Amino acid sequence: MNNPYYQNNGNPYLQVASARPNGYGPYGKRPISSICDVLNKCGKRVDAAARKAEVFADNVWHHLKVSSSLTDAAMARISQGTKILAEGGHDKVFQQAFGNVAGEKLIKAFVCYFSTSSGPAIGTLYISTKRVVFCSDYPFYSCSSTTGQQQWMYYKVVVQLDKLKTVNPCSSRTNPSEKYIQIGTTDGHDFWFMGFMSYDKALKQLTEALQRTRDSSRDIRVSSV
């Protein structure tokens with residue numbers, strides 16, 4: 001599939017942020033039929049858990065291999081997990097990266113990659129009650145437009161929910177396991193995310209966020225009539 005990379009210039013949603021380098025068995029008195037029923041139910045649960053574990057393992061492997069370096073991707077996950085623990089959870093990290101907005105509540109965070117003009121940037125996608133945002137785990141070299149000097153910058157995407165227009169799932173024609181989520185804004189900007197460790201959950205949360213925005217807009221139009 002065509003997975004467009006785009007330049008930062010002229011995109012109001014794409015930001016770069018400065019960064020410094022850096023007993024008793026329970027079945028003892030039960031009849032054999034009851035024991036068989038319980039074992040059958042347990043077996044089904046084990047099968048379901050095994051399938052979930054397999055899907056999760058596939059997602060983790062796909063997430064890691066999107067990066068040009070498996071080691072870098074694995075270290076990014078360890079670093080991000082350590083940061084989340086140290087700061088006190090995703091909410092704190094989210095607020096530090098994107099600030100506080102009155103009445104805003106973080107709904108979910110998903111590790112993934114963001115498609116940039118220089119390749120996939122590993123990071124975290126946050127979905128809140130007011131915004132969809134992304135911040136890269138690693139800073140990148142960026143050339144300052146004023147001084148011409150290179151400096152460390154983080155990739156950031158900030159889309160207010162009232163500017164969110166589309167959420168489209170898609171996959172590679174040559175490799176269906178390579179899944180993407182494309183989001184579009186009301187003024188014609190597109191963003192591509194890939195390598196999710198929880199693709200289905202991320203798609204569900206983004207779709208629900210879009211639906212809430214549409215419902216809110218419809219309520220506003222109705223109330224103004």
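How many helices and how many strands does the protein chain have? It has four helices and nine strands. Helices here are DSSP runs of H or I with at least four residues, strands are runs of E with at least two, and both are numbered from the N terminus. Read along the sequence, the pattern is β-α-α-α-β-β-β-β-β-β-β-β-α.

Before going further, some ground rules. This is a predicted model, so local features need pLDDT of at least 70 and side-chain atom pairs count only at pLDDT 80 or more, while totals for chains, interfaces and linings use all residues. Residues are numbered from 1 along each chain as its sequence is written, and side-chain values use heavy atoms, with hydrogens and water left out.

Let me start with the inside. Buried means under 20% relative accessible area, exposed means over 50%, and partly exposed is in between, with a 1.4 Å probe and protein chains only. Of the 225 residues in the protein chain, 37% are buried.

Next, the nonpolar cores. A nonpolar core is a set of buried Ala, Val, Leu, Ile, Met, Phe, Trp, Tyr and Cys residues joined through side-chain atoms within 4.5 Å. The largest one has 27 residues, and I181, I183, F193 and F196 touch the most other members. Several elements each supply at least two residues of this core, among them strand 2 (106–116), strand 3 (119–128), strand 8 (179–185) and helix 4 (199–224). Helix 4 gives the largest share of this core, six residues.

Look at I183 in the structure. Contact means heavy atoms within 4.5 Å. Leaving out residues up to four places away in sequence, I183 touches V132, L164, T166, V167, H189, D190, F191, F193 and L206.

Now A202, which is in helix 4. Is A202 buried or exposed? A202 counts as buried because its relative accessibility is 0%. Not counting residues up to four places away in sequence, A202 touches F110, I127, I181 and F196. A202 and A109 are 93 residues apart in sequence, but their C-alpha atoms are 8.3 Å apart in space.

G195 lies in the loop between strand 9 and helix 4. With a relative accessibility of 0%, G195 also counts as buried. From G195 to I181 there are 14 residues in sequence and 9.6 Å in space, C-alpha to C-alpha.

T186 sits between strand 8 and strand 9, and T186 counts as partly exposed because its relative accessible area is 45%. Beyond its neighbours within four places in sequence, T186 is in contact with D162, K163, L164 and K165. T186 and T166 are 20 residues apart in sequence and 8.3 Å apart in space, C-alpha to C-alpha.

On to the charges. A salt bridge is a side-chain nitrogen of Lys or Arg within 4 Å of a carboxyl oxygen of Asp or Glu. How many salt bridges does this rule give? The count comes to two.

E104 is buried at 17% relative accessibility, and R131 is buried at 6%.

K204 and E208 form a salt bridge too, with their closest N and O atoms 2.6 Å apart. Both lie in helix 4, four residues apart, about one turn of the helix. K204 is partly exposed at 49%, and E208 is partly exposed at 30%.

Then there is K156, in strand 6. K156 is buried yet has no salt bridge, and the nearest side chain of opposite charge, D137, is 12 Å away. For charge, Lys and Arg count as positive and Asp and Glu as negative, with His and the chain ends not counted. What does the side chain of K156 reach? It reaches the backbone oxygen of A97, at 2.4 Å.

Last, the cysteines. A disulfide is a pair of cysteine sulfur atoms within 2.5 Å, and the structure holds zero disulfides. C112 is buried, with a relative accessible area of 0%, whereas C170 is partly exposed at 23%.

Notes:
A polar contact is a pair of N or O atoms within 3.5 Å; within protein, one must be able to donate a hydrogen and the other to accept it, and residues adjacent in sequence count only if both atoms are side-chain atoms.
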